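Open the model in your viewer and keep the selection tool at hand. This tour goes stop by stop.

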Amino acid sequence: MNQAAAPLTNSCSFSGIRPAMMDLPYPPIQITEKNPSYANLLSMDYCGQVSELSAITQYINNENRLSCENCALAKTLLGIAMAEMMHLQKLGELIVLLGGTIDFTVRMQNGRKMLWTPEYLILPEHTKKMIYADIEAERSAIKQYRMHIKTIQDPCVTTVLYRIIQDEEYHIMILENLLKELQ
């Protein structure tokens, strides 16, 4: 007599997970004036290789792969992904206000367009390497935001970017602490 095998389940509950972000308000999402070139620059932060869309996808992928073996770590990664989703949403609002388009395409100054691709992601197999890749992605995002802040001459936009950087720095601190726990 064949007995059906018990179904495998993931016992990691993600109920009540909150975005991992600084306990600070975001500035209002507003602009001084329309500027499509600023919108195009922000499209890199929205959906370029170093972008919120790439970060969200990488964190969710890592969370999915770790949830059965390390629930606490998976929950933390999901919280970070949720904060990145908020960044994506705020950037999207800014892009539209500036006169840009949200279609997961980066518009380069030379007129070239680049559609977001999962090839941008770094998906190592080992947990420590995942965390190292996430830290490097956060550092790259901060560097890119700082470059964009130097170019964008709209204080309404740059104030939002500075606030996003605070969350990214917080994520690095969280990830570095997770690495210590994995030692």
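Which element gives the most to the lining of the second largest pocket? Select α1: this helix leads with five residues. Helices here are DSSP runs of H or I with at least four residues, and strands are E runs of at least two, numbered from the N terminus.

Before moving on, note that this is a predicted model, where local features need pLDDT of at least 70, side-chain atom pairs count only at pLDDT 80 or more, and totals for chains, interfaces and linings use all residues. Residues are numbered from 1 along each chain as its sequence is written, and side-chain values use heavy atoms, with hydrogens and water left out.

**Stop 1: the second largest pocket**

Now select the whole lining: Ser-37, Tyr-38, Asn-40, Leu-41, Met-44, Arg-107, Met-108, Gln-109 and Thr-151. The pocket has a volume of about 190 Å³. A pocket is an open set of points on a 1 Å grid over the protein atoms alone, where a 1.4 Å probe fits, with protein on both sides within 12 Å along at least five of seven lines; lining residues have an atom within 4 Å of a point. Grid points are joined across faces, edges and corners, and the volume is the space filled by probe spheres set on them.

Colour the lining by class. Four residues are nonpolar, four polar and one charged. Ala, Val, Leu, Ile, Met, Phe, Trp, Tyr, Cys and Pro count as nonpolar; Asp, Glu, Lys and Arg as charged; the others, Gly among them, as polar.

**Stop 2: the largest pocket**

Select Gln-49, Val-50, Ser-54, Gln-58 and Ala-137. Of the 19 lining residues, these lie nearest the centre of the largest pocket. Two elements, α2 (52–66) and α4 (127–151), each give two or more residues to this lining. The largest share, six residues, comes from α4. The space comes to about 260 Å³. By class, the lining has eight nonpolar, five polar and six charged residues.

**Stop 3**

Cys-12 sits in the segment before α1 (36–47), while Cys-71 is in helix α3 (residues 71–97), 59 residues apart. The link is right-handed, with 80° about the S-S bond. The count is one disulfide.

Cys-71 is partly exposed, at 25%. Buried means under 20% relative accessible area, exposed over 50%, and partly exposed in between (1.4 Å probe, protein chains only).

Finish at Cys-47. This residue is buried, with a relative accessible area of 1%.

Definitions and conventions
Disulfide = S-S within 2.5 Å.
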